[in-house]
Amino acid sequence: MSQDDISQIRIGNSPVGIMGLRTAMEDMAEKYADRPDREVVAELLNRLCKKNYIPEKVKGNYGKAFLREFKKLQGKPFEEETPEGLEIKVLGQGCVQCERLERDLMDVMAEIDLAADLEHIRDIKEIGKYGAMGMPALIINGKVKSVGKVPPRDQLKEWLREARG
């Protein structure tokens with residue numbers, strides 16, 4: 001199984017790696033495009049339980065997350081899961097500026113004693129879903145804060161304190 005066969009999605013407050021999600025969704029795209037949500041969820045769970053351990057008592061949460069990802073792929077409206085706490089995303093394929101933004105964020109988070117979910121998204125297809133037209137891009141709690149540059153540390157501190165509340 002290659003790295004490309006693993007997709008990271010959010011289930012509850014946790015990012016989870018799922019093997020074969022993209023392949024399953026692409027295989028189902030045409031046939032299940034107009035099927036009811038419950039059928040889509042049942043088929044995705046059926047396919048993905050074969051390659052992934054999904055505990056019985058949280059299958060409902062996984063099913064909701066799989067449906068959300070399927071609808072994203074289809075370009076249909078979906079209900080975004082609202083994570084608790086602070087969620088920070090750096091978008092960029094790994095250039096020097098992208099790495100610097102991630103490093104600066106970690107330093108600033110340590111300085112202000114802030115715990116948050118920090119994710120660096122490097123996959124160009126995933127980056128495209130956010131609509132940011134430059135890199136690096138910074139997203140805090142779903143809001144684009146910066147595109148195409150590394151903001152000064154003081155600005156990062158201000159945004160993080162604001163988001164923390």
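This is a predicted model: local features need pLDDT of at least 70, side-chain atom pairs count only at pLDDT 80 or more; totals for chains, interfaces and linings use all residues.
Local features require pLDDT of at least 70 and side-chain atom pairs count only at pLDDT 80 or more, while totals for chains, interfaces and linings use all residues. Residues are numbered from 1 along each chain as its sequence is written, and side-chain values use heavy atoms, with hydrogens and water left out.

Q: What percentage of the residues of the protein chain count as buried?
A: Buried means under 20% relative accessible area, with exposed over 50% and partly exposed in between (1.4 Å probe, protein chains only). The C-alpha trace spans about 50 × 30 × 30 Å along its principal axes. Of the 165 residues, the buried share is 40%.

Q: In what order do the 4 strands of the open sheet lie?
A: Two strands pair if DSSP finds at least two bridges between them. Strand β3 (residues 87-91) pairs with β5 in the antiparallel sense over 4 bridges, and K89 stands opposite I139 in β5. The edge strands, each pairing on one side only, are β4 (117-121) and β6. The pairing in the sheet is mixed, and the order is β4-β3-β5-β6.

Q: Which residue in the turn of the hairpin of β5 and β6 has a positive phi?
A: Strands β5 (residues 137-140) and β6 (residues 143-147) run antiparallel and are joined by 4 bridges. The bridge partner of I140 in β6 is K143. The hairpin has 2 residues between its strands, and the one with a positive phi, of about 50°, is N141.

Q: At what angle do helices α4 and α6 pack?
A: Two packed helices are described by the angle between their axes and the distance between the axes. Axes are lines fitted to C-alpha atoms, for helices over the stretch in contact, and angles run from 0 to 180 degrees between N-to-C directions. The axes of α4 (residues 96-111) and α6 (residues 153-164) are 10 Å apart, and the packing angle is about 60°.

Q: Why is α4 described as oblique to α6?
A: Angles under 35 degrees count as roughly parallel, over 145 as roughly antiparallel, 65 to 115 as roughly perpendicular and the rest as oblique. Helices α4 and α6 pack at about 60°. That angle makes α4, relative to α6, oblique.

Q: Which residues of α6 meet α4?
A: Contact means heavy atoms within 4.5 Å. From α4, the residues involved are L101, D104, L105, D107, V108, M109 and E111; those they meet in α6 are R153, L156, K157 and L160.

Q: How many charged residues does the contact of α1 with α2 have?
A: Ala, Val, Leu, Ile, Met, Phe, Trp, Tyr, Cys and Pro count as nonpolar, Asp, Glu, Lys and Arg as charged, and the others, Gly among them, as polar. L21, A24, M25, D27 and M28 in α1 meet V40, E43, L44, R47 and L48 in α2. By class, this contact has 7 nonpolar residues, no polar ones, and a charged count of 3.
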